Amino acid sequence: MFKLPVCPHCKTVYHYQETRHSIRKKNCICYHCKQNFRASIFPGIWIIGAIMVALSILVNLFLLSRMTYLNLIWLFVSTVVFLGLLYILIPFFVTFKKDKTETNKTNKKRK
């Protein structure tokens, strides 16, 4: 579940920062085998996002129940921490898929 993506052609593992850059570009070229692939975010990120939101709400409710006076800065900080954690986890939910236009071109060449 928490794995960094690999090239669909040559199985080269991409590091965290490279994965972040590939998310922005969408269509990428492997630095090892020079083949085209697409980067997409796995739908499972919504589940992790929902878990983070639920945890954020629970922590905020806990903080509200323990505060003697209302101090919104702690609620804001706890929410930002959970959103930051979600942002950090995004590259672990990226998948690389073979570019369909590239495979169609190679199939036409073979015929």
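Tutor: Contact means heavy atoms within 4.5 Å. This is a predicted model, where local features need pLDDT of at least 70, side-chain atom pairs count only at pLDDT 80 or more, and totals for chains, interfaces and linings use all residues. Residues are numbered from 1 along each chain as its sequence is written, and side-chain values use heavy atoms, without hydrogens and water.

Student: Leaving aside neighbours within four places in sequence, which residues is Val13 in contact with?

Tutor: Pro5, Val6, Glu18 and Tyr31. Val13 lies in the segment before helix H1 (16–25); helices (H or I, at least four residues) and strands (E, at least two) are DSSP runs, numbered from the N terminus.

Student: Is Val13 buried, partly exposed or exposed?

Tutor: Buried means under 20% relative accessible area, exposed over 50%, and partly exposed in between (1.4 Å probe, protein chains only). Val13 has 45%, so Val13 is partly exposed.

Student: How should I read burial along a helix?

Tutor: An α-helix has 3.6 residues a turn, so residues three or four places apart point the same way. In H2, the buried residues are Ile45, Ile48, Gly49, Met52, Ser56 and Asn60. They cover an arc of only 110° around the axis, which puts them on the same side of H2; the arc is that of the directions from the helix axis to the C-beta atoms.

Student: What covers the buried residues of H2, and which residues are exposed on the other side?

Tutor: The cover includes strand E2 (36–41) and helix H3 (72–89). Trp46, Ile47, Leu58, Leu61 and Ser65 are exposed on the other side of H2.
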